[in-house]
Amino acid sequence: MRVPAGPGAFDRTPVRLGAFAVGLALVFGATWGLGGALGGPPGPAAEARSGGHDDGGEAAHGTGHSGAPAAGDQPVDLPGGLQLAQDGYRLEPLTAGLSTDHPTDLRFRIVGPDGAPVTRYVETHEKELHLIVARRDLTGFQHVHPTRAADGTWSTPLRALAGGGQYRVFADFRPAGLDRALTLGVDLPAAGTYRPVELPAPTRTAGVDGYTVRLDGELRPGAEARLTLTVERDGRPVTDLEPYLGAYGHLVVLRAGDLAYLHVHPDGAPGDGRTAPGPAITFHTSVPSAGGYRLYLDFQHAGRVRTAEFTMFAGAVPTPADQPAGTTPGAGTTPGAGEHGGPGHGHD
Ligand SMILES: [Cu+2]
């Protein structure tokens with residue numbers, strides 16, 4: 001359980017986060033300095049720019065991300081999830097906010113280049129649209145699959161949130177007529193006390209619902225990484241993972257600091273004659289920059305989808321010297337246990 005710091009520590013938390021955010025800004029400054037080339041309005045320029053977009057193939061569907069930055073004068077693709085509009089498509093929430101008291105009926109639509117709600121999609125991993133929600137501090141992860149009405153309005157229940165704050169809502173979808181998936185993101189507020197949780201320290205194991213998941217591999221900025229996640233229960237390897245949306249595991253990766261979004265699918269598929277149903281699930285991905293990332297592995301066993309969470313750093317892990325005096329990332333928390341194991345776990 002990622003237990004928020006006690007009341008005394010809470011008083012100091014905003015200061016620590018603020019200082020950490022400054023550090024992140026410095027790290028990311030070099031990357032986002034290039035963003036000036038991308039700052040134009042949507043429309044023809046954006047359409048043209050998207051020509052460099054790389055579908056990413058099976059290993060990184062979604063706007064996942066397009067590998068190493070383009071060389072020379074070519075514009076650099078942004079990672080997914082950072083914009084609410086891209087390439088003529090726009091994510092329009094029809095719900096003003098989320099709730100900590102009761103489940104929210106989240107409604108939204110995707111408006112296309114013609115100004116009308118999009119009603120034709122190409123399924124990716126058995127769904128027309130994948131919806132991910134996480135608070136800005138990377139807690140409160142939910143991954144659900146909304147229902148679409150004929151007029152293009154999407155709706156889904158979201159479980160009641162554990163705390164107030166700004167939540168990032170990601171829609172990961174492929175409209176008919178586009179040669180790749182997009183991930184659009186928008187912030188929605190939840191009224192209530194916001195007690196930010198620091199990014200937990202990196203760990204190699206995470207527990208969820210009595211399962212232990214081990215993470216092997218390293219992230220390197222701009223380079224392909226092989227990550228292997230191995231699932232055990234009661235000390236024994238799980239060798240009968242169940243297919244969930246066409247795979248034995250789905251990995252969402254969010255970058256600390258701006259929630260850049262990657263959705264990664266594993267090597268191999270159930271029933272392909274070469275992919276075992278556990279205990280290991282292998283992913284290949286490439287993160288766009290140095291810094292901290294939170295990884296959310298969805299896997300299904302015994303009829304339920306579970307989410308194991310990890311922190312990883314690409315490049316150097318910040319040392320205590322990089323932190324405000326006396327603090328360590330994740331101090332006082334038990335990383336990976338997650339806080340979404342209870343009823344209403346947001347998978348469907
Ligand atoms: Cu999904």
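Q300 is buried, with a relative accessible area of 16%, where buried means under 20% relative accessible area, exposed over 50% and partly exposed in between, computed with a 1.4 Å probe on protein chains only. The model is predicted, so local features need pLDDT of at least 70, side-chain atom pairs count only at pLDDT 80 or more, and totals for chains, interfaces and linings use all residues. Residues are numbered from 1 along each chain as its sequence is written, and side-chain values use heavy atoms, with hydrogens and water left out.

**Q300 and its sheet**

- Q300 lies in strand β18, strands being DSSP runs (E, at least two residues) numbered from the N terminus.
- Leaving aside residues up to four places away in sequence, Q300 touches L241, E242, P243, Y244 and V305, a contact being heavy atoms within 4.5 Å.
- An open sheet of 4 strands has the order β16-β15-β18-β19 with antiparallel pairing, two strands being paired if DSSP finds at least two bridges between them.
- The edge strands, each pairing on one side only, are β16 (261–264) and β19 (304–314).
- Strand β18 (residues 291–301) runs antiparallel to β19 and is joined to it by 11 bridges; R294 has T311 in β19 as its bridge partner.

**Copper site**

- The copper ion is coordinated by H130 (ND1), H143 (NE2) and H145 (NE2) at 1.9 to 2.0 Å, donors being N, O and S atoms within 2.8 Å of the metal (3.2 Å for Na, K and Ca), and since water is not among the atoms, sites may look incomplete.
- Along the chain, these donors follow the spacing H-x12-H-x1-H.
- H130 in strand β5 (residues 129–135) and H145 in the loop between β6 (142–144) and β7 (147–148) are 15 residues apart, a pair that links distant parts of the chain.
- Both H130 and H145 are buried.

**A buried loop residue**

- V197, found in the loop between β10 (182–190) and β11 (205–208), counts as buried at 8% relative accessibility.
- V197 and R135 stand 62 residues apart in sequence and 9.9 Å apart in space, C-alpha to C-alpha.

**Confidence**

- The protein chain has a mean pLDDT of 79, and 70% of its residues reach 70 or more, pLDDT being the predictor's confidence in each residue, from 0 to 100.
- Over residues 1–72 the pLDDT stays under 50, and the model has 108 contacts beyond four places in sequence for this stretch.
- Residues 325–346 have pLDDT below 50, with 50 contacts in the model beyond near neighbours in sequence.
- Where pLDDT is low, the predicted coordinates should not be read in detail.
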